[in-house]
Amino acid sequence: MLRDLRLRDFRCFPELVFEPAPGLNFLAGPNAHGKTSVLEAVCILLRLQSPRANSLAEAVRFDQPGFGLDGHWGERHMHMKFTDALKHFALDSKPQSRSADYLAVARVVWISNDDLQLVRGSGSPRRRYLDFLGAQVVPNYLRQLRVYERALRSRNALLKDNRPRREIAAFDSSLHEAGGFLLQARAAMCADLRNSARESCRRISGGGEALEMAYLPGSPADFAAALENSRDEEIRLRTTVVGPHRDDIAIRLGGREAVSFASEGQQRSVVLALKLAQAGRLEQSADDPPVYLIDDVFGELDPTRRNNLLKALPPGAQKLITATSLDWLVEEDEAALFSVGGGVVAKKK
Ligand SMILES: Nc1ncnc2c1ncn2[C@@H]1O[C@H](COP(=O)(O)OP(=O)(O)O)[C@@H](O)[C@H]1O
Ligand SMILES: [Mg+2]
């Protein structure tokens with residue numbers, strides 16, 4: 001579990017110290033007082049990536065050269081800073097040149113209202129959902145993803161410029177090697193997630209229609225052959241038309257497309273179910289459970305779903321939950337309550 005967190009020049013905080021309790025933690029405060037920023041800082045410290053910003057530069061406090069984060073996960077001391085567009089990180093005060101050992105320490109589940117994009121948005125949030133998990137549980141996943149993205153970018157730039165075939169083909173082997181790896185890893189993850197997503201959805205919505213999720217690969221099984229067969233089309237469209245960048249996940253509720261037929265409440269249940277399935281997969285991959293960072297979700301749920309969600313969260317895991325108000329909170333003996341505002345996170349109970 002996260003024992004303490006220190007922020008420097010992160011978002012709206014020049015400095016901040018936060019010491020969460022082991023189990024349930026509620027952080028309440030008005031809008032724009034820094035609740036999401038605190039959870040974001042936890043995610044960046046533990047996983048070196050932001051769940052909401054594309055670039056860590058966005059999290060640097062305005063007009064400052066960089067930010068620093070520091071904290072303890074159990075006995076491990078973790079430190080990371082971001083300056084001049086570079087991440088530096090240290091484990092137990094030893095600077096690390098590679099991220100593998102650092103990222104092996106702790107796992108994170110991020111749940112927020114933006115997750116509705118998992119049901120409503122294009123394929124990209126669903127690919128990111130798989131990537132977020134893959135990076136935490138599949139060895140080499142992140143490296144292969146970067147190789148693929150780089151090869152795809154170069155290849156697409158050449159296609160766009162109408163460059164000769166032989167120049168484009170120079171990227172084919174790294175594209176299909178890394179792409180083949182991703183296709184396989186994502187198919188395996190979807191297969192792992194299916195049943196537990198269905199079960200979580202049943203628990204949160206209290207029965208009702210069954211959730212089905214299915215991997216829709218962006219390429220036929222033989223990716224190399226598919227690439228070969230798509231030559232005419234990619235030259236016509238000036239972009240790579242097959243591959244894992246076209247992957248998606250089909251999400252159906254009671255046999256119907258969730259995006260078009262599910263109510264808002266049902267879509268929220270589906271999204272939470274997908275996230276809890278991700279969490280369950282993370283739990284299997286390590287000895288200690290992930291920390292749950294749940295931003296603004298509780299205020300938007302009806303009381304039944306809220307209670308079902310609270311019950312569905314594993315009792316042994318640490319949970320940091322934000323909300324603008326806690327009026328709805330029934331006496332939770334175990335919970336620690338904090339208020340966020342005025343640049344501090346103050347413990348109330
Ligand atoms: N890089 C930044 N530097 C300074 N302030 C920022 C930065 N990014 C966001 N903010 C401000 O931080 C405040 C807190 O944001 P946020 O954590 O999203 O609040 P909450 O989740 O409580 O609504 C907002 O007023 C926002 O404008
Ligand atoms: Mg917020």
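Domain bounds in this predicted model come from an automatic or database domain assignment.

**View 1. Arrangement of the two domains.** Domain 1 comprises residues 1-107 + 289-349, and domain 2 comprises residues 115-285. A distance of 27 Å separates the C-alpha centres of domain 1 and domain 2.

**View 2. Contact region between domain 1 and domain 2.** On the domain 1 side, eleven residues are in contact with 14 residues of domain 2. Helix 12 (residues 303-312) supplies five residues, the largest share of the side of domain 1 that touches domain 2. By class, this side of domain 1 holds six nonpolar, two polar and three charged residues.

View 3. The shell around ligand 1 consists of 14 residues, of which Cys12, Ala32, Lys35, Thr36 and Ser37 come nearest. Five nonpolar, six polar and three charged residues make up this shell.

**View 4. Backbone at Asp92.** Asp92 is located in the loop that links strand 6 (86-91) and strand 7 (94-96). Its phi is near 50°, a positive value in a residue other than glycine. Asp92 counts as exposed because 12 C-beta neighbours lie inside 10 Å, and the exposed class covers residues with 12 or fewer.

**View 5. Backbone at Asn140.** The loop between helix 4 (123-137) and helix 5 (141-160) contains Asn140. Although Asn140 is not a glycine, its phi is positive, at about 75°. Asn140 has 13 other C-beta atoms within 10 Å and is therefore partly exposed, a class that lies between exposed, at 12 or fewer, and buried, at 20 or more.

How values were computed. Residues numbered from 1 in each chain as written. Chains lettered and ligands numbered in written order. Predicted model: local features only at pLDDT ≥ 70, side-chain atom pairs only at ≥ 80, totals over all residues. Contact = placed C-beta atoms within 7 Å. Helix = DSSP H or I, 4+ residues; strand = E, 2+ residues; numbered from the N terminus. Nonpolar A, V, L, I, M, F, W, Y, C, P; charged D, E, K, R; others polar. Near = placed C-beta within 6 Å.
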